Amino acid sequence: MQEHTHSVHHSVIINNYELYDALTAAVDARGLPGMTDVDSSLLIFCRSIKRDFTVGLSGECADELFAGYPWYHNREILFEDTFPWSRSLGIRRSILKNGFLPDGEEYVISRYLDTCRNTPKLSTDSPLDSRMREMFALNFYWFMQTLLDRKDRMSMYSGLEVRVPFCDKRIVDLAFNMPWNIKALGGREKGIMRAAFRGLLPDSIIDRKKSPYPKTHNPLYFRLCAEGARKAIYDRSSVLYDIWDREGIEKIIADPESISSPWYGQLMRAPQILAYIIQLDYWFRKYKISIV
């Protein structure tokens, strides 16, 4: 792409200590515990861009609008009655003591069902097109909002304004009303977008396999998160001390591969669960939150 557009490319390399240290700054930026290193890496990236620019463009939202995620295409997941990127609360349960959140599943399923019920449909929709409308609504009202909030808070905290052209209402309306066989043209994620840009971008870019946001697997980052999580869960001065399931958390530290499925999206596995514990502890302390 750099060669094709004759752009000036800048590489931003983030080391593991920097990524870990920015977890708390990411909480400050979001105002809540968030998506751990998915947040902190973006925060560092935005800081780097801000050194030379004040405004940037992002391709955020194309995946939600044009079926770029695997759950749009996996029939085993597609028709499950749950949010496709967070199909189980089991991992969340494993870090908290039994009974601490007794109504979690009921709340999640009620929000899911409300979204599906309120999704506009046509009487001529096939079962697949009907379900794809629901998937669009689920992604639009929940997953996309989370990512847009993340983008906005990490960028503006860095003094960088990021504009998101795919969020144009006209594009959203077009995408919602687009039949599935056109949206997923050729059976590919973002198939219609690939076709639309054919001839404008190199074929090697058009045809390449979707590359997810890099997952964090570095042993150093995992060790830092494990040490930070242990410090948080064994600190008796923490208001959260009595809610942690320390045995469950120690199992995650001892066997990170036991987390076979992510707890949010495609990215959140063992290192991110431990990082989330660190963010929770920091947020409760900073805002002096108490649990009644």
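Let's start with Arg198, which counts as partly exposed at 41% relative accessibility. Keep in mind as you look around that this is a predicted model. The side chain of Arg198 meets that of Asp203 in a salt bridge, with 3.2 Å from N to O. Asp203 is partly exposed as well, with a relative accessible area of 47%.

How many salt bridges does a search of the whole structure find? The count comes to 27. Here are three of them, the Arg198 pair included:

| Salt bridge | N to O distance |
|---|---|
| Arg117 and Asp114 | 2.6 Å |
| Glu250 and Arg230 | 2.8 Å |
| Arg198 and Asp203 | 3.2 Å |

Take the pair Glu250 and Arg230, whose side chains meet in a salt bridge. This pair links distant parts of the chain, 20 residues apart: Glu250 sits in helix H14 (residues 246-254), and Arg230 sits in helix H13 (residues 219-233). At 35% relative accessibility, Arg230 is partly exposed.

Now try Arg117 and Asp114, which both belong to helix H7 (residues 104-117). They are three residues apart in that helix, so about one helical turn separates them. Is Arg117 buried or exposed? Arg117 has a relative accessible area of 58%, so it counts as exposed.

Which residues make the nonpolar surface patch of about 300 Å²? They are Phe100, Leu101, Val239 and Ile291. To find Phe100 in the model, look at the loop between helix H6 (90-95) and H7. Phe100 has a relative accessible area of 31%, which makes it partly exposed. Residues in a patch need over 30% relative accessible area, so Phe100 passes that cut-off with its 31%.

**A buried threonine**

Last stop: Thr36, in the loop between helix H2 (16-30) and helix H3 (37-50). Thr36 has 0% relative accessibility, so it counts as buried; the cut-off for that is under 20%. What does Thr36 touch, leaving out residues up to four places away in sequence? Its contacts are Leu23, Met268, Gln272, Ala275, Tyr276 and Gln279.

Notes. Residues numbered from 1 in each chain as written. Predicted model: local features only at pLDDT ≥ 70, side-chain atom pairs only at ≥ 80, totals over all residues. Heavy atoms only, no water. Helix = DSSP H or I, 4+ residues; strand = E, 2+ residues; numbered from the N terminus. Buried < 20%, exposed > 50% of the residue type's maximum accessible area, 1.4 Å probe, protein only. Contact = heavy atoms within 4.5 Å. Salt bridge = Lys/Arg side-chain N within 4 Å of Asp/Glu carboxyl O. Patch = residues over 30% accessible without salt bridge, like charges linked within 9 Å, V, L, I, M, F, W, Y side chains within 5 Å. Areas by Shrake-Rupley, 256 points an atom, 1.4 Å probe, with all protein chains shown as cover.
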